[in-house]
Amino acid sequence: MEPGKLLDASSDTSSTSKNYKKPHECSECGKSFAGRSLLLTHRKIHVGCGSSQGLEGQKSSPGENSKDLRSPPRLKPYKCDECDLCFGRSSYLLTHQKIHTGEKPYQCLECGTFFREKATLIKHERTHTGEKPYSCGHCGKSFSQKINLCVHEQIHAGIKPHKCLECGKCFTQISSLRSHEKTHRGEKNEKCLECGKCFILKSNLLQHQRLHTGMRPYECSECEKRFLTSSDLRKHQIGHKDEKPFKCGECGKGFLERRKLESHERIHTGEKPFKCVECGMCFSDKYNLARHQRVHTGEKPYRCGECGKCFAQKGYLSVHYKTHTGEKPFQCNECGQFYRTLTTLKKHAKLHTGNKITNV
């Protein structure tokens with residue numbers, strides 16, 4: 001097969017029938033793609049990003065329209081009288097003019113938000129319906145917007161056109177590159193108004209703010225336990241599959257994460273390498289040290305989203321939140337009375353001689 005040519009259906013019928021869903025094959029590496037545009041994007045790996053060399057000879061399967069990639073620029077005869085912007089179609093101009101008039105004729109019946117274009121309304125409505133009509137031909141992942149699918153497909157094509165000039169790392173999206181560049185400049189522009197802590201990425205700030213609000217949007221379908229992040233949920237779900245790859249050599253106990261195993265092993269060794277500079281108290285885990293240091297600083301980063309009350313520890317917030325929900329999961333076996341915390345139940349149990357308490 002000649003370089004720069006796509007595998008022709010007539011030359012290999014067995015290959016065509018095998019890959020009928022991805023008829024566009026790269027002659028350099030043999031990788032197949034569902035669309036010609038995706039193949040051309042992928043070809044930049046072999047011929048150099050931004051170059052058109054080698055792309056002109058790439059052919060598609062029978063029935064595909066092979067246009068010249070270097071078509072002349074389209075004329076834009078429709079001009080806006082307000083700002084002098086020009087458009088190729090009168091419909092584009094009419095849509096644009098609504099920016100100046102403030103007209104938003106399309107309303108979402110679900111939430112009442114107005115939009116200038118019907119297409120924008122349709123995209124918005126998918127946030128309510130959860131519809132994701134754009135599916136990736138490679139992995140089956142679905143998206144609510146076509147542009148998100150196009151960005152995702154670059155992962156399969158191996159295209160990362162946005163390069164960091166500082167370290168050479170490449171990214172699929174320009175927004176990812178911009179966020180990465182802040183790490184070189186040391187920029188932390190995203191500030192938490194609750195505690196003043198700053199972050200490079202807005203997504204990290206939003207995740208941090210859940211500590212203050214107590215919000216846990218990720219729920220386990222097995223046990224209904226909720227988590228701050230999707231990664232915490234994934235780690236938790238491994239526990240339901242009895243997969244705990246990190247085993248303690250001393251007692252055989254298994255853990256989902258290596259750091260938790262290392263922390264556990266210090267129980268056997270008695271090691272406490274994390275020392276509080278204020279009082280000299282030592283801890284086996286840096287997270288326990290961080291929790292202890294709030295005694296000295298007075299920091300209370302966990303805020304109740306219902307009443308605004310703040311707490312030094314996440315567990316205290318969880319207990320407090322039950323005062324709003326009315327939840328009382330701990331029951332006395334003797335008299336059937338319910339309590340919000342196990343501690344309160346234990347105090348109550350002293351009223352009954354020789355009682356055993358259980359967590360229901």
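This is a predicted model: local features need pLDDT of at least 70, side-chain atom pairs count only at pLDDT 80 or more; totals for chains, interfaces and linings use all residues.

Trainee: Let's start with His212. Why is His212 called buried?

Mentor: His212 has a relative accessibility of 4%. Buried means under 20%, so His212 counts as buried. As for its place in the fold, His212 is found in helix H7, residues 202-213.

Trainee: What does His212 touch, leaving aside residues up to four places away in sequence?

Mentor: Cys192, Glu194, Cys195, Pro301, Tyr302, Arg303 and Cys304.

Trainee: And what makes the pairing of the His212 and His208 side chains a polar contact?

Mentor: The two side chains come to 3.1 Å. The cut-off for a pair of N or O atoms is 3.5 Å, so the His212 and His208 pair qualifies on distance.

Trainee: On to salt bridges. How many does the structure hold?

Mentor: There are 4. In general, side chains of opposite charge can pair when their charged atoms come close.

Trainee: How do you know that Glu194 and Arg303 form a salt bridge?

Mentor: Their closest N and O atoms are 3.6 Å apart. The limit is 4 Å, so the pair of Glu194 and Arg303 counts. This pair links distant parts of the chain, 109 residues apart: Glu194 is in the loop between strands S11 (190-191) and S12 (198-199), while Arg303 belongs to strand S19 (residues 302-303). Both Glu194 and Arg303 are also on the list of residues that His212 touches.

Trainee: What about Arg178 and Glu181: where do they lie?

Mentor: Both are in helix H6 (residues 174-185), 3 residues apart, or about one turn of the helix.

Trainee: Is Glu181 buried or exposed?

Mentor: Buried: its relative accessible area is 19%, and the label requires a value under 20%. Arg178, at 45%, counts as partly exposed.

Trainee: What makes Glu219 and Arg226 a salt bridge?

Mentor: Their closest N and O atoms are 2.6 Å apart, again within 4 Å. Glu219 at 39% and Arg226 at 36% each count as partly exposed, because the label covers values between 20% and 50%.

Conventions. Residues are numbered from 1 along each chain as its sequence is written. Side-chain values use heavy atoms; hydrogens and water are left out. Helices (H or I, at least four residues) and strands (E, at least two) are DSSP runs, numbered from the N terminus. Buried means under 20% relative accessible area, exposed over 50%, partly exposed in between (1.4 Å probe, protein chains only). A polar contact is a pair of N or O atoms within 3.5 Å; within protein, one must be able to donate a hydrogen and the other to accept it, and residues adjacent in sequence count only if both atoms are side-chain atoms. Contact means heavy atoms within 4.5 Å. A salt bridge is a side-chain nitrogen of Lys or Arg within 4 Å of a carboxyl oxygen of Asp or Glu.
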